[in-house]
Amino acid sequence: MSVSSTSFSDRLTRLDNNSVKLYAGNETPQEYEPGKLICAMPKVKKAYWTSIIIGAIFGAVAGHLFKTNVGIEMFFSQPLLVVFAIVKANQMTAGICLAMLAGPVCALAFQLFSRTKTRLAQFWWSYVAGSIAANATAWYYFYLTMTA
């Protein structure tokens with residue numbers, strides 16, 4: 001192997017993000033615009049935003065179903081055994097309550113046990129945000145009735 005003829009300062013200039021230089025065989029630097037290189041072009045984050053939007057939509061639907069069919073007042077106005085009997089008696093109510101419970105549980109599970117931030121973690125966090133946004137007014141009115 002031949003010994004490199006470039007100096008340390010030349011190597012540092014190649015690492016500079018503002019001016020990318022690729023060296024040809026005759027030791028003449030070839031300058032390229034950093035924005036025109038493939039590695040420097042901004043990536044399209046289509047899958048990123050798609051998973052977030054789908055999660056927010058599913059969360060908003062689950063939150064709206066929870067607000068209209070179940071309601072947060074049921075959990076605080078009834079004893080725990082009565083709430084359990086109501087949820088157990090109706091499969092629709094049980095499914096809606098499980099859908100509301102699945103959002104935070106899955107979001108925390110993917111955050112804690114995933115090595116990287118996957119699309120599923122983004123999906124579940126946006127699911128939680130959508131379900132909270134759909135129930136924001138119900139939570140606010142419940143807060144007003146409890147503090148009045």
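Me: How much of this chain counts as buried?

Reply: Of its 148 residues, 24% do. Buried means under 20% relative accessible area, exposed means over 50%, and partly exposed is anything in between (1.4 Å probe, protein chains only). Bear in mind that this is a predicted model: local features need pLDDT of at least 70, side-chain atom pairs count only at pLDDT 80 or more, and totals for chains, interfaces and linings use all residues. Residues are numbered from 1 along each chain as its sequence is written, and side-chain values use heavy atoms, with hydrogens and water left out.

Me: What makes up the fold, element by element?

Reply: The pattern along the sequence is α-β-β-α-α-α-α-α-α, with seven helices and two strands in the chain.

Me: Why is the pair of Phe58 and Phe123 called edge-to-face?

Reply: The ring centres are 6.1 Å apart and the planes sit at 85°, so the pair passes the distance test and lands in the edge-to-face class. Phe58 belongs to helix α2 (residues 46-70) and Phe123 to helix α6 (residues 119-134), so the pair ties together parts that are 65 residues apart in sequence.

Me: Which other ring does Phe123 pair with edge-to-face?

Reply: Trp124, at 5.1 Å centre to centre with 80° between the planes. Ring pairs link Phe58, Phe123, Trp124 and Tyr127 into a cluster.

Me: What makes a set of residues a nonpolar core?

Reply: The members are buried Ala, Val, Leu, Ile, Met, Phe, Trp, Tyr and Cys residues, joined through side-chain atoms within 4.5 Å. The largest one here has ten residues, among them Phe66, Val83, Cys97 and Phe142. Helices α2, α4 (80-89) and α5 (91-113) each give two or more residues to this core, and α5 gives the most, with three. A second, separate core of six residues includes Ala62, Trp124, Tyr127 and Val128.

Me: How do you know that Cys97 is buried?

Reply: Its relative accessible area is 13%, so Cys97 falls on the buried side. Cys106, at 22%, counts as partly exposed. Leaving aside neighbours within four places in sequence, Cys97 is in contact (heavy atoms within 4.5 Å) with Phe66, Val70, Phe75 and Val87.

Me: What polar contact does the side chain of Ser51 make?

Reply: One with the side chain of Gln122, at 3.5 Å. A polar contact is a pair of N or O atoms within 3.5 Å; within protein, one must be able to donate a hydrogen and the other to accept it, and residues adjacent in sequence count only if both atoms are side-chain atoms. Ser51 lies in helix α2, and the residue is at 11% relative accessibility, so buried applies.

Note on methods. Phe/Tyr/Trp six-rings, centres within 6.5 Å; stacked < 30°, edge-to-face > 60°. Helix = DSSP H or I, 4+ residues; strand = E, 2+ residues; numbered from the N terminus.
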